[in-house]
Amino acid sequence: MARPLIQSSSLYNSSSSSVDLHKSSGTTRILRTQLRFSEVAQPHLRLLNMPSCNSTPKLKAWKEPMTLTKEMVDGKEMSSVNECESNEFTTLKHRFLNFKKDKYLKNLEHFQNLADEQSPKFLVISCADSRVCPSNILGLQPGEAFVVRNIANLVPPYENGPSETKAALEFSVNTLKVKNILVIGHSRCGGIRALMSMDDETNSSFIRSWVVVGKNARTSTKAVASNLSFDQQCKHCEKESVNGSLMNLLTYPWIKDKVNNGELLIHGGYYDFIDCSFEKWTLENNSRVDDQVTIRNREFWS
């Protein structure tokens, strides 16, 4: 009964046949265990002595006997990742504790009032780009602005399907009753570059499905700036898409009514992080005529 058991083991090579099959079943099991240990232990030592940690090509050659060693090497890699993550979150921890000491505790009454309710003055719609943080750029404090961030700071028109941006518009305008909506575009926007680069044959993707919201800005840019370089076209479209979003805001009935009644102002902004300048303008009431916008109070901050 011992012969089939030993011969069927995947750990044995041709030298395994030297095992004495006339031994008792107990002895056979002991020898088999020793052989299994010997075959597994050797590759482990040989792999760990290798100078390189990139063991993936080697593992393919060693197959099953290397499984435990692969886990050990992966464990080292995971340990390195965890250490990096720990360092990054240690930095965040210190920043949070500094915020608590320098701002929260020194303005405790203000933050306790915020805990009960919020009444922001602004709804800010900006890009998710890591270089464009409206609270940091404009010095917005907790409670001052309800902030929505998405790819390319786009506002879809009212008739499109539901989205988190629409939910934020409805909540901030109807419930929080903000007095100002500020849409902020920025320089070197990857979302706008994707919009300007796409064509009818581009494969569908989440990014394409979203940035196509700004297709009118793309069309108008191509019409008036086709003689410019691609980078210049993108810069033109970065601002044009902001105006497109301002126009889309007026497709929302509750926004249009409040704008017409003087209860809500709509503003555009453009942050150029290349030279650290900011451009701001305000949409004129009842300004949407033939898909054109009229703006006022244009300002340049630099």
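How closely do the axes of helix 7 and helix 12 approach, and at what angle do they cross? I started my notes there, keeping in mind that this is a predicted model.

**Entry 1: the helix pair**

I looked up helix 7 (residues 164-175) and helix 12 (residues 253-260), and their axes come within 10 Å, crossing at roughly 40°. That makes the two helices oblique to each other. I also checked the hand of the crossing of helix 7 and helix 12, and it is left-handed.

Next I wanted to know who does the touching. From helix 7 I noted Leu 169, Glu 170, Val 173 and Asn 174, and from helix 12 Trp 254, Ile 255 and Lys 258. I sorted the residues of this contact by type and got four nonpolar, one polar and two charged.

**Entry 2: Thr 282**

Then I moved over to Thr 282, which I found in strand 5 (residues 277-283). Is Thr 282 buried or exposed? It's buried: the relative accessible area of Thr 282 is 1%, and I call that buried because the cut-off is under 20%.

Which side chains does the side chain of Thr 282 make polar contacts with? One is the side chain of His 267, at 2.9 Å. Another is the side chain of Lys 280, joined to that of Thr 282 by a polar contact of 3.0 Å.

Conventions. Residues numbered from 1 in each chain as written. Predicted model: local features only at pLDDT ≥ 70, side-chain atom pairs only at ≥ 80, totals over all residues. Heavy atoms only, no water. Helix = DSSP H or I, 4+ residues; strand = E, 2+ residues; numbered from the N terminus. Buried < 20%, exposed > 50% of the residue type's maximum accessible area, 1.4 Å probe, protein only. Polar contact = N/O pair within 3.5 Å; in protein donor to acceptor, adjacent residues only side chain to side chain. Axes fitted to C-alpha atoms, helices over the stretch in contact; angles between N-to-C directions. Parallel < 35°, antiparallel > 145°, perpendicular 65-115°, else oblique. Left-handed = near helix turned anticlockwise from the far one by under 90°. Contact = heavy atoms within 4.5 Å. Nonpolar A, V, L, I, M, F, W, Y, C, P; charged D, E, K, R; others polar.
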